[in-house]
Amino acid sequence: MYRQSLTQAVRPALRYTLRSRATFSTATRAMAGGDTGAPRVGGQASGDAFTKREKANEDYAIRMREKEKLMELKKKLQEQHEHLKKLEEHIDEISKSQGGEQK
């Protein structure tokens, strides 16, 4: 009973707000291809100077990061080779001191 009385009391106000919204509704604004900030995928805007420069800068940054990673990997590889060489020398010393194979 209480729920029904609340519904009947609120219903006229709800109808009024729905009607008032309809009178103030507006159409959504149509935007051109680049207006939304979305990436440009083709057409006229794909070849402008700003887009080309931006892509070139991004490509350059990626190449530089990859170059740094490659240099780090080369450095680690060189360190591993040096470590293996020291281990081989150590193994040779131990085998010679114990009377193992002679070279």
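Q: How many salt bridges does the count come to in this protein?
A: Let's start with the rule: a salt bridge is a side-chain nitrogen of Lys or Arg within 4 Å of a carboxyl oxygen of Asp or Glu. This is a predicted model, where local features need pLDDT of at least 70, side-chain atom pairs count only at pLDDT 80 or more, and totals for chains, interfaces and linings use all residues. Side-chain values use heavy atoms, without hydrogens and water, and residues are numbered from 1 along each chain as its sequence is written. By this rule the count is 1 salt bridge.

Q: Which side chain meets Asp59 in a salt bridge?
A: Side chains of opposite charge can pair when their charged atoms come close. Here the N to O distance is 3.1 Å. The partner of Asp59 is Lys55.

Q: How many helices and strands are there in the protein?
A: Helices (H or I, at least four residues) and strands (E, at least two) are DSSP runs, numbered from the N terminus. By that reading, the protein has 2 helices and 0 strands.

Q: What does α2 reach from its first C-alpha to its last?
A: Helix α2 covers residues 49–97, which gives 49 residues. The expected span is 1.5 Å times one less than the number of residues, and for α2 this is 72 Å. The reach of α2 is close to that expectation, at 72 Å.

Q: Is Asp59 buried, partly exposed or exposed?
A: Buried means under 20% relative accessible area, exposed over 50%, and partly exposed in between (1.4 Å probe, protein chains only). Asp59 has 30% relative accessibility, so Asp59 counts as partly exposed.
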